[in-house]
Amino acid sequence: MIKVLLIPMSALLMMSCTMQGNDQKKNLELIDNYVKAVENMDYEAMGNYLDENYMGVGPSVGDSINKVQAIENWKDYVDNLYANIKYNRSRSISTTVTEGENQGNWVSNWAEVTINYKDGRGPVTIMANTTYRIENGKITKSYTFYNEADALRQLGYSFILE
């Protein structure tokens, strides 16, 4: 009797692991394609990867942005600010959070990002980490972290402490 139960249970476990592996592969591909859209400065393609209820948080405390605002910001950056963006040494990892308010499928991308500006400033090279929650093949939430002070310093700004 135990052998009869073990065979179906083993098959279900193996199918579950395969499905989770396929989901992780699809999620990694989604973020890879999103990063390519950023490098191509294709804000319309970026918008296609974002869920209608997307919320982006960071890099500063209190920064948050929805899908419409994100697309508008990227359009402004492409039209007026950035000459090009390059993700160097970009690496991603996929995981699933099984409990809590951030439950779901996540991909974290770490990269050295180089940005050149249309006005000739830069380049600026930053270490950036963005973690994306993915549901139904769309990015629903992201947290972005990088050192804004370092980017400003590379652009020639000075910080004066009083």
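Me: Which residue of β6 does M55 stand opposite, and what makes β1 and β6 a pair?

Reply: M55 stands opposite K141 in β6. Strand β1 (residues 50-57) and strand β6 (residues 138-146) are joined in the parallel sense over 4 bridges, and because two strands pair if DSSP finds at least two bridges between them, β1 and β6 count as paired. Strands here are DSSP runs of E with at least two residues, and helices are runs of H or I with at least four, numbered from the N terminus. This is a predicted model, in which local features need pLDDT of at least 70 and side-chain atom pairs count only at pLDDT 80 or more, while totals for chains, interfaces and linings use all residues. Residues are numbered from 1 along each chain as its sequence is written, and side-chain values use heavy atoms, with hydrogens and water left out.

Me: Which residue of β2 does M55 stand opposite, and in which sense do β1 and β2 pair?

Reply: In β2, M55 stands opposite N66, and β1 pairs with strand β2 (residues 64-66) in the antiparallel sense over 3 bridges. The two strands form a hairpin with 6 residues between them, and G58 in the turn has a positive phi of about 100 degrees.

Me: Why is the contact of D79 with K75 called a salt bridge?

Reply: The closest N and O atoms of D79 and K75 are 2.7 Å apart, and a salt bridge requires a side-chain nitrogen of Lys or Arg within 4 Å of a carboxyl oxygen of Asp or Glu, so the pair qualifies. D79 and K75 are 4 residues apart in helix α3 (residues 67-81), and therefore separated by about one helical turn.

Me: What makes D79 buried, partly exposed or exposed?

Reply: Buried means under 20% relative accessible area, exposed over 50%, and partly exposed in between (1.4 Å probe, protein chains only), so D79, at 37%, counts as partly exposed.

Me: Where do R89 and E112 lie, and why is each called buried or exposed?

Reply: R89 and E112 form a salt bridge, with their closest N and O atoms 2.3 Å apart. This pair links distant parts of the chain, R89 lying in strand β3 (residues 82-97) and E112 in strand β4 (residues 104-117), 23 residues apart. R89 is called exposed because its relative accessible area is 59%, whereas E112 is called buried because its value is 18%.

Me: How many salt bridges does this rule give?

Reply: The count comes to 8 salt bridges, including the one between D32 and K36 (3.2 Å, N to O).
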